[in-house]
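Here is a short report for a reader who is meeting this structure for the first time. Look over the sequence and the model, then read on.

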Amino acid sequence: MKRNIKLLMEYDGGRYDGWQRLGKKSGGTTIQGKLEEVLSKMTGEEVELIGSGRTDAGVHARGQVANFHTDSDMKCWEMKYYLNRYLPQDIGVLYVSDVPERFHSRLNAKAKRYVYRVAIGDVPSVFDRKYTWYCFDKLDVSLMKAGAELMVGEHDFKGFSSVKKSSKSTVRTVRWIDIDVKEREIDLIFEGNGFLYNMVRIMAGTLIEIGTGDREPETIKEVFQTKNREKAGMTLPPQGLFLDEVFYE
C-alpha cells in the first residue's frame, strides 16, 4: 500500500502564478508545479500533489497543507531535508508526516484562516512593501468592525467574489473576522469554512472603503441581497494576503 504523506509549507508567492499547476508546461511557474518537480526527483515517481486550496498569483502562505502518495521508504525527516535543500528559497517545508490513507488535504479541511496586511502611517515600511498594501487614508476602525460584524455568519458570498457563472454553491460561513491594529499596520483576519475566488481580497477592500468613509457599513447587506459584485468594494492587490492556517479535525 502506498504511503500518504502530508506537508505543511510556507511560501512567498510573489514570483509565482499561484498555487495550481495548469498543465505540464506551467510547472515551474506555480507553487504546486515546483514542488511536484522536486518531489518526483526525490521519489523517482511521478508525484501529484493535492493542495488544501488554491492561492492566486502573488498571494503568500504561512500554513499551506498538501498531501501526496508514494512508494518511497524515505523517512519523513529525510524528505523534509531533501525538499528544503532543493526547493527555491521562497518555498519552505515546515513539517512532513505520514497520515492515514484516506486523508485528503482539501476535502478534509474544516476551516481556513487568511490574513490581509494593510500598511498605515505617514510612510509605508520599505521592508514590508512586498507583503503589505499601503493605505494612504486614515481608517476608522470602529466603522470597519461594524462592517465586519455584518459579514460574519452563513451567507451567499457571490457578490464578494470574482466567480463567473458556476453551478457550484457560493454559500459560505465566515466564523469570525478580527481587525488587529498595530503601530504601522492593520491586519484583517478572516476565518471560515471556505472562500470563493478573490473573496478575501474583496471583503478586505470593502472594509477599507468603509474605514475611509467611502461607504457605509450597511451597504454590506445590499451586496448579500443583490449578489452583485459591483455593489462590493475594490479587490485589494495580492501581495498583502496570506493563507495563515488550514484547520482539520
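Over the ring of which residue does the charged end of Arg62 sit? The ring is that of Phe242, and the charged end of Arg62 lies 4.3 Å from its centre. A charge sits over a ring if NZ of Lys or CZ of Arg is within 6 Å of the ring centre and within 35 degrees of the ring normal.

This is a predicted model, in which local features need pLDDT of at least 70, side-chain atom pairs count only at pLDDT 80 or more, and totals for chains, interfaces and linings use all residues. Residues are numbered from 1 along each chain as its sequence is written, and side-chain values use heavy atoms, with hydrogens and water left out.

**Aromatic pairs**

A search of the whole structure turns up nine aromatic pairs. Tyr114 and Phe195 form one that is edge-to-face, with 5.3 Å centre to centre and 80° between the planes. Rings of Phe, Tyr and Trp (its six-membered ring) pair if their centres lie within 6.5 Å; planes under 30 degrees apart count as stacked, over 60 as edge-to-face and the rest as tilted.

Tyr114 lies in strand S5 (residues 111-119), and Phe195 in the loop between strand S9 (185-192) and helix H4 (199-211), so the pair ties together parts that are 81 residues apart in sequence. Helices (H or I, at least four residues) and strands (E, at least two) are DSSP runs, numbered from the N terminus. Ring pairs also link Phe157, Phe160 and Phe224 into a cluster.

**The largest pocket**

Phe195 turns up again here. It is among the residues nearest the centre of the largest pocket, along with Gly53, Arg54, Arg106 and Lys112. The lining has 39 residues, and the volume is about 1300 Å³. A pocket is an open set of points on a 1 Å grid over the protein atoms alone, where a 1.4 Å probe fits, with protein on both sides within 12 Å along at least five of seven lines; lining residues have an atom within 4 Å of a point. The volume is the space filled by probe spheres set on the points, which are joined across faces, edges and corners.

Strand S2 (50-51), S5 and H4 each give two or more residues to the lining. H4 gives the largest share, three residues. By class, the lining has 16 nonpolar, 13 polar and 10 charged residues. Ala, Val, Leu, Ile, Met, Phe, Trp, Tyr, Cys and Pro count as nonpolar, Asp, Glu, Lys and Arg as charged, and the others, Gly among them, as polar.

**Exposure of single residues**

Buried means under 20% relative accessible area, exposed over 50%, partly exposed in between (1.4 Å probe, protein chains only).

| Residue | Relative accessible area | Class |
|---|---|---|
| Tyr114 | 8% | buried |
| Asn198 | 11% | buried |
| Arg215 | 14% | buried |
| Phe195 | 17% | buried |
| Lys227 | 40% | partly exposed |

Asn198 is in the loop between S9 and H4. Its phi is near 65°, a positive value in a residue other than glycine. Lys227 is not a glycine either, and has a positive phi of about 55°. Lys227 sits in the loop between H5 and strand S10 (241-247). Arg215 is in the loop between H4 and helix H5 (219-226).

**Helix H1**

How many of the 13 residues of H1 are buried? The count is 10, so H1 is largely enclosed by the rest of the structure. Among them are Ile31, Leu35 and Met42.
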